[in-house]
Amino acid sequence: MVTLLGKSRSELAQWAVARGQPAFRGKQLHEWIYEKGVSQLEQIPVLPKQWREAIGDVKVGRSEVVYSAVTKDGTQKLLLQLEDGKIIETVGIPSSKRLSVCVSTQVGCPMGCTFCATGKGGWQRNLAKHEIIDQVLTIQQQMERRVSHLVFMGMGEPLLNLDNLVGAIHSFHEDMGISYRHITVSTVGIPDKIPQLATYNLPLTLAVSLHAPTQQLRRQLIPSADRYELDRLMADCQEYVKITGRRVSFEYTLLAGVNDGIEQAINLAGLIRGFQSHVNLIPYNPIGDADFRRPTAKAIQKFVEVLEQEKVAVSVRRTRGLEADAACGQLRGRFTNLTPKSPEDQS
Ligand code: SAH
Ligand code: SF4
């Protein structure tokens, strides 16, 4: 079956011409799919009815919103049901000037990070390009506002789905007018994939999830780090900077008594010395069954001060909407527990 979402204006025109229509159908389809956000061809009145009926099995490629929650600050969390019944999370985060979307790239995640709800749930499959694009269109429609920024920090490891990730990023830029510079891809690191992403030479921001300043601690928190030594990951980050001329930012989830000590802050500063980089600290969001705790505000402040003394640019991520399951994968986990008859549980 053909899926139209994800096709460019010229691809839509080619597709229409191949089915006996004039090329301007491409422009019409593009407008109705990306601007007006239709979910079925029947909703496009400018298309000849006869043709619509004749072309048969064609889908736009939109998912269904099965749950939505809005927090006090306006953050909107959606659970989307895909064609095969699987469920993913997408979050829209508004501020006065921006609407950011936290985008998922996989159903689940195989990396198994010990503090992550998505990691605990395992991996089911990669998202198709149109399933990545759909999340942003859906947030745009639900929140009745244009999306300006994207962060690939939802469910899944983006670099394990590189082709569809890059395809979707091109579409966000070309078809939805979202600047590459407003797009951040977050990765825990997959061997060879960071230099591979660099070869696309897109002016986006790469965020690397470090969480530990030593290989020994990192592999305890991120089992998959066993196959990708910290030294090699840092060398790949250097190469990324060299190829793209862009900074890399580092994410560090703060876990009380595990990686939030003064010595670890000093070691972290040492590890990233020489990088023109930024550290984004994410205080741990409790996910229920994990053995971690969120550090106190005082401990977080101390960690920040040590990094600043070491001349590291650092920020602490504000936790938005903690009350509605802020951590990645949490909302979906809760939803599928609560609704045992969801299609996902039957598969
Ligand atoms: N797989 C990618 C992107 C998705 S996770 C990655 O790991 O980078 C986005 C960020 O949220 C990562 O930095 C991840 O470590 C962090 N994260 C996951 N679970 C968390 C939790 N319970 N509390 C705080 N941060 C968490
Ligand atoms: Fe996957 Fe990222 Fe969660 Fe790790 S933190 S399990 S890489 S989604």
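The legends below describe several close-up views of one predicted model.

**How to read the views.** Residues are numbered from 1 along each chain as its sequence is written, while chains are lettered from A and ligands numbered from 1 in the order in which they are written. In this predicted model, local features need pLDDT of at least 70 and side-chain atom pairs count only at pLDDT 80 or more, whereas totals for chains, interfaces and linings use all residues, and side-chain values use heavy atoms, with hydrogens and water left out.

View 1. Seven residues of domain 1 are in contact with seven residues of domain 2, where contact means heavy atoms within 4.5 Å.

**View 2. The largest nonpolar core.** A nonpolar core is a set of buried Ala, Val, Leu, Ile, Met, Phe, Trp, Tyr and Cys residues joined through side-chain atoms within 4.5 Å; buried means under 20% relative accessible area, exposed means over 50%, and partly exposed lies in between, as found with a 1.4 Å probe on protein chains only. Of the 97 residues in the largest core, Phe172, Phe250, Val279 and Leu307 touch the most other members. The largest share of this core, seven residues, comes from helix α6 (residues 162–176); helices (H or I, at least four residues) and strands (E, at least two) are DSSP runs, numbered from the N terminus. Because domain 1 (9–54) and domain 2 (64–343) both give residues to this core, it lies between them. A second, separate core of five residues includes Val91, Cys102, Met153 and Ala207. In soluble globular proteins, nonpolar side chains tend to be buried together.

View 3. Val314 lies in strand β14 (residues 313–316) and is buried, with a relative accessible area of 16%. Although Val314 and Asn280 are 34 residues apart along the chain, their C-alpha atoms are separated by 5.9 Å. Leaving aside neighbours within four places in sequence, Val314 is in contact with several residues, among them Val279, Leu281 and Leu307. Lys311 sits in the loop between α11 (297–309) and β14, where it is exposed, with a relative accessible area of 74%. Lys311 also has a positive phi of about 65°, although it is not a glycine.

View 4. Around ligand 2 are Cys109, Met111, Gly112, Cys113, Cys116, Gly119, Gly156 and Val188, a residue being near a molecule if one of its heavy atoms lies within 4 Å of it. This shell divides into five nonpolar, three polar and no charged residues; Ala, Val, Leu, Ile, Met, Phe, Trp, Tyr, Cys and Pro count as nonpolar, Asp, Glu, Lys and Arg as charged, and the others, Gly among them, as polar. Cys109 is buried at 10% relative accessibility, and Cys116 is buried at 15%. The structure holds zero disulfides, a disulfide being a pair of cysteine sulfur atoms within 2.5 Å.

View 5. Thr105 is placed in the loop between β6 (99–102) and β7 (106–108), and it counts as buried because its relative accessibility is 1%. Apart from residues up to four places away in sequence, Thr105 touches Asn126, Leu127 and Ile132, among others, including Gly156. Trp123, in strand β8 (residues 123–126), is partly exposed at 43% relative accessibility. Leaving aside its neighbours within four places in sequence, Trp123 is in contact with Gln106, Val107, Gly108, Cys109 and Pro110.

**View 6. Ile133 in its helix.** Ile133 lies in helix α5 (residues 129–143) and is buried, with a relative accessible area of 0%. Not counting residues up to four places away in sequence, Ile133 touches Leu5, Gly6, Tyr34, Ala168, Ser171, Phe172 and Met176.

**View 7. The loop at Asp192.** Asp192 is found in the loop between β10 (183–187) and α7 (193–198), and it has a positive phi of about 75° although it is not a glycine. With a relative accessible area of 49%, Asp192 is partly exposed.

How values were computed:
Domains from an automatic or database assignment.
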